[in-house]
Amino acid sequence: MSVFQMYGRWLDIIVILFVFLCAKASIRYVCYWRMMRQQGCQPSCKKAFVRDPFIGLDFAYDRLFQGSPARNLKGSFDMYKRLGATYTVNRLTTQTIYTCDAANIKRLLATSFDDYKLPAVRVCVMGDLLGPGIFTLNGHSWSNARSLLRPALRKERLCGLPNILESHMQSMLRQISFKGSSLDLQPLFFSLTMDIATEFLMGYSTNMLENPDGSAQQFVDDYMVCSTEAARKMTLGPLRFLRSNSAAKQSKTRVFKYIDSYIDECLKRMETRNLAVEHGNLLQELSSAIEDRQMLRDQVLHILLASRDTTASLLSNLFFVLARMPEVYAKLRREIVAAMGDSVPDFSQLRELQYLRWCINESLRLHPVIPSNAREAAQDTVLPVGGGPDGDSPLLVRRGTIVLYHVYSMHRDPAVYGNDVEEFRPERWDGLRPGWAFLPFSGGPRVCIGQQMALMESYYIVVRLVQAFERLEPTDYKPWSELFALATTCENGVHVKMHKA
Ligand code: HEM
Ligand SMILES: *[C@@H]1O[C@H](CO)[C@@H](O)[C@H](O)[C@H]1NC(C)=O
């Protein structure tokens, strides 16, 4: 075979490949075109400016050198105000959709749920940290994990919670009087929710607020290292491979070992004493359905991550504001004292406290703990708005497109909440029914399964603190700003002076 012939054969192959790719692209294009026509889609006219429309180098530059503007809550909100509630970032081959429109978010999370999956970044980063579990799974394995966990968190299963809450609440009150009246509440909330979550999940508390033993302290430190690392990697997105952190890997190994020791103990106790499952902790309940130790550990870690930082962040954000709004605090205190004096509340009493519920809703509106999130289109699909010059025509979402949705900005829609959206005003909840425009716990099939528990826990903790303290005073006057972690909390802590009742 001459060189020329060989060259000719290669040329044939290249030509065939080229024709094949062109045909494939054309077929896909025709499909899009037909879908766009059928659904009345219009291309997006609201586009964010990109310096590099080809491979997205400006994205890389921002992530590596400036911190990401997309992770800055106010910055993102300004983008929506400037460009509209749905806009796109277009590159040569990919489009990313940004939306804070309630109709789009409802379609994304509920009506067209099956058209989407979790983005690869989340599945990789969280899966690497926690193992496979409800937070990283899609499809059947996700619905299996969910139906396994859900029964354990039903309302009627929370009967053991009040006792757990009260004993750790007492530890927190002792810590406050030990520290003196000026303190940062935020780390106390994080310790408190860790103590409560570990006892609820495994039957053993880390007791961070009392005198934690060395292994509990190490566990909590390691857990923090792991979750901070996960948050950093998620921010880096596709560039996360640039980060390698051997300390985080060691922490992860120790976290696993710590949880495993409790799982083993729990399994042993179940064998020998055959404990009544009705009054057990979550681990006991799961272990009757799951045999595999590693799978049990994954479930426990996923629930710990879902429950601890979120609840502590909600409490911190709320008390940050309460300290700065003495009239709101006083009104809340009047309601609580009128209903239960300084006695221990039960869950049915807590549900009756209307102003408290307004305050919690208002905190979750103004400072949502999960302020933004994303899904990836698993197939070609359509969002109801965002296309055309006014942004009110349907928008085509091609398979593989990432849709980022911004709950923080949606919670500031004046059409729903009025013109004073930046104010903390619990009274706005009087008669307000925002529906899909209020999503602190998400919505649709993947709605938070811990909502009841989170609310009862938060109500309880707020009531016990407000009963014990006549008033709060802030000891710094910085405005609220976010600390971006897996859950969003106060960047500068919650420094207050607390005045005993
Ligand atoms: C203030 C506290 C909380 C907030 C604001 C909150 C918020 C959320 C949000 C927004 C999601 C959806 C995430 C997504 O779709 O990507 C979620 C999911 C979840 N939450 Fe919560 N959560 C809180 C507390 C809890 C607690 C206490 C538990 C458990 C005891 C819990 C368990 C879960 C689980 C397991 C999921 C995943 C559900 C699924 O993917 O099917 N959460 N939560
Ligand atoms: C808080 O928000 C939820 C969700 O929209 C709503 O169901 C509830 O009624 C609100 N609570 C109050 C007291 O308005």
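Predicted model: local features only at pLDDT ≥ 70, side-chain atom pairs only at ≥ 80, totals over all residues.

Residues are numbered from 1 along each chain as its sequence is written, chains are lettered from A and ligands numbered from 1 in the order in which they are written, and side-chain values use heavy atoms, with hydrogens and water left out.

**Salt bridges across the sequence**

- Side chains of opposite charge can pair when their charged atoms come close.
- The count here is 19 salt bridges, each being a side-chain nitrogen of Lys or Arg within 4 Å of a carboxyl oxygen of Asp or Glu.
- One of them joins lysine 117 to glutamate 376, at 3.9 Å from N to O. Lysine 117 belongs to strand E3 (residues 116-117) and glutamate 376 to strand E5 (residues 372-377), so this pair ties together parts 259 residues apart in sequence.
- Helices (H or I, at least four residues) and strands (E, at least two) are DSSP runs, numbered from the N terminus.
- Lysine 252 pairs with aspartate 128, with the closest N and O atoms 3.7 Å apart. Because lysine 252 sits in helix H10 (residues 246-273) and aspartate 128 in helix H5 (residues 120-130), the bridge ties together parts 124 residues apart in sequence.
- Between lysine 331 and glutamate 427, the closest N and O atoms are 2.9 Å apart. Lysine 331 is in helix H13 (residues 326-340), and glutamate 427 is in the loop between helix H17 (414-417) and helix H18 (451-468), 96 residues away.
- Glu362, Arg365, Asp420, Arg425 and Arg428 are linked in a salt-bridge network.

- Glutamate 376 counts as buried at 13% relative accessibility, whereas lysine 117 is partly exposed at 33%. Buried means under 20% relative accessible area, exposed over 50%, and partly exposed in between (1.4 Å probe, protein chains only).
- Lysine 252 is partly exposed at 23%, and so is aspartate 128 at 45%.
- Lysine 331 (31%) is partly exposed, as is glutamate 427 (28%).

**A nonpolar surface patch**

- Tyr7, Leu11, Val15, Phe18 and Val19 form a nonpolar patch with about 540 Å² of accessible area together (Shrake-Rupley method, 1.4 Å probe; for residues, only the protein chains shown count as cover).
- Patches are made of residues with over 30% relative accessible area and no salt bridge, with like charges joined within 9 Å and nonpolar side chains (Val, Leu, Ile, Met, Phe, Trp, Tyr) within 5 Å.
- Valine 15 is in helix H1 (residues 3-39) and is partly exposed, at 47%.
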